[in-house]
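This report is for a reader who is new to the structure shown below. Please keep the sequence and the model in view while reading.

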Amino acid sequence: MKPFDYARAADPAGAVALAARPDAKYLAGGTNLVDLMKLGVETPDLLVDVIRLLPGGIEESAGGMRIGAGARNSDVAADPRVRERYPVLSQALLAGASGQLRNAATVGGNLLQRTRCRYFQDVTKPCNKREPGTGCPAVAGAHRDLGILGTSEHCVATHPSDMAVALAALDAQVHLHGAAPVPVTGLYALPGDTPQVETVLPPGTLITAVSLPPLGFPSRYRKVRDRASYAFAVASVAAALDVVDGTVRNVRIAWGGVAPRPWRAYEAEGALRGGPATEAAFRTAADAELAAARPLPDNAFKVPLVRNLTAAVLAELAGVDR
Ligand SMILES: Cc1cc2nc3c(=O)[nH]c(=O)nc-3n(C[C@H](O)[C@H](O)[C@H](O)COP(=O)(O)OP(=O)(O)OC[C@H]3O[C@@H](n4cnc5c(N)ncnc54)[C@H](O)[C@@H]3O)c2cc1C
Ligand code: SF4
């Protein structure tokens, strides 16, 4: 591992000042960053440890909730108010990693974890995201687990977070030190021809909290993965559904494991609102969104997988027999 300096600040402003140094990175739980440093993928000169100064509370706020960026994934998943009012978030967190990792991982770090694309993690291979202009071997190589939506010829990686998919469905806002909040749905950049740019945040931005507006109707997260635990999503669905007299009054759908960011399925939502809450309608709506999919040969199976998964989750939320 490359030698690096380590620093702590007294407060968030001090941390941001320290992180102004080129090649500085914030260290939270370290469960992603330190792994990538060991692999030589991340090579910061300075780690600014923020774990002791980030808020870690989970509080009532404006009818919803505000969760500190330092809150551990396991604490958020176990919070009774989160479980009752935002089950999709609790379920998404519990579907991720392992108990030990969730005890260390934070909300801020979870949002900014890097892709699990195998070429990105292997410094002996080219990768446009890690080294711009070197190429994307995944397009002609191992892409089974990679994206079908929002990708480009330069990068087909997916964002690995389960939590971010639930937050996208919940219309969560990401709060930043010294800057206006951004919605989770607007946090991540699509790769285009600059896959090394992953978010809209300027370098050195410190995430301080995430806020959830009130929801008030049922929600659910379901994840398909290669084994029952300790595996990233092949595909996942976060959904919330409000049905009145058999008609969809409100719906939120976000997909994971299929795109460089949590993919909010606005087309599908628009197709469903005001229409019948039937399984056939759920499938048709998913297809409306999936019309934009550009799968590669080995991940084309994700198209029917996401359609079926979406229909199953919505049917369950609507109480529709399948
Ligand atoms: C074996 C394994 C399995 C996993 N499985 C899953 C899974 O199934 N689903 C899933 O979603 N995740 C999974 N994860 C990933 C895990 O959820 C993340 O590693 C974790 O959430 C990152 O949080 P952290 O606090 O440890 O972040 P760190 O590793 O400390 O930081 C990650 C990145 O975020 C930046 N950062 C951290 N905090 C802030 C902040 N407040 N403001 C700005 N930047 C910040 C850091 O600089 C770094 O770039 C897995 C990880 C491992 C090791
Ligand atoms: S998909 Fe993206 S992260 Fe993976 S090799 Fe291609 S450029 Fe790199």
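## Basis of the model

This is a predicted model, in which local features need pLDDT of at least 70 and side-chain atom pairs count only at pLDDT 80 or more, while totals for chains, interfaces and linings use all residues. Residues are numbered from 1 along each chain as its sequence is written, chains are lettered from A and ligands numbered from 1 in the order in which they are written, and side-chain values use heavy atoms, with hydrogens and water left out.

## Nonpolar cores

A nonpolar core is a set of buried Ala, Val, Leu, Ile, Met, Phe, Trp, Tyr and Cys residues joined through side-chain atoms within 4.5 Å. Buried means under 20% relative accessible area, exposed means over 50%, and partly exposed is in between (1.4 Å probe, protein chains only). The largest such core holds 51 residues, and V76, L89, L111, L167 and L212 have the most contacts inside it. Seven of its residues come from helix α9 (residues 163-169), which gives the most. Helices (H or I, at least four residues) and strands (E, at least two) are DSSP runs, numbered from the N terminus.

Contact means heavy atoms within 4.5 Å. Beyond its neighbours within four places in sequence, L212 is in contact with G64, M65, I67, Y86, L89, L167, L170 and A172. Another core, of 31 residues, lies apart from the largest one and includes V237, A281, V306 and L309.

Helix α5 (residues 87-94) is largely enclosed by the rest of the structure, because six of its eight residues are buried. These are P87, V88, L89, S90, A92 and L93.

## The ligand site

Ligand 1 is surrounded by 31 residues, of which Y26, G30, T31, T106 and D162 are the closest; a residue counts as near if one of its heavy atoms lies within 4 Å. By type, the shell has 14 nonpolar, 13 polar and four charged residues. Here Ala, Val, Leu, Ile, Met, Phe, Trp, Tyr, Cys and Pro count as nonpolar, Asp, Glu, Lys and Arg as charged, and the others, Gly among them, as polar.

Which residues have an N or O atom 2.7 Å or 2.8 Å from an oxygen atom of ligand 1? The side chain of T31 has one at 2.7 Å, and the backbone of L33 has one at 2.8 Å. The side chain of Q113 has an N or O atom 3.5 Å from an oxygen atom of the ligand. On its own, ligand 1 has 990 Å² of accessible area (Shrake-Rupley method, 1.4 Å probe), and the protein covers 94% of that area. The elements giving two or more residues to the shell are β2 (24-27), α2 (33-39) and α7 (107-111). With three residues, α7 gives the most.

## Single residues

M37 is found in helix α2 and is buried, at 4% relative accessible area. M37 and M1 are 36 residues apart in sequence, with their C-alpha atoms 6.4 Å apart in space. Leaving out residues up to four places away in sequence, M37 touches M1, F4, E42, P44 and L47.

E269, in helix α10 (residues 266-272), counts as buried because its relative accessibility is 2%.

Most residues other than glycine have a negative phi. D23, in the loop between α1 (12-18) and β2, has a positive phi of about 65°. A62 lies in the loop between β4 (58-61) and β5 (64-68) and has a positive phi near 50°. A62 is exposed, with a relative accessible area of 78%.

How values were computed
A polar contact is a pair of N or O atoms within 3.5 Å; within protein, one must be able to donate a hydrogen and the other to accept it, and residues adjacent in sequence count only if both atoms are side-chain atoms.
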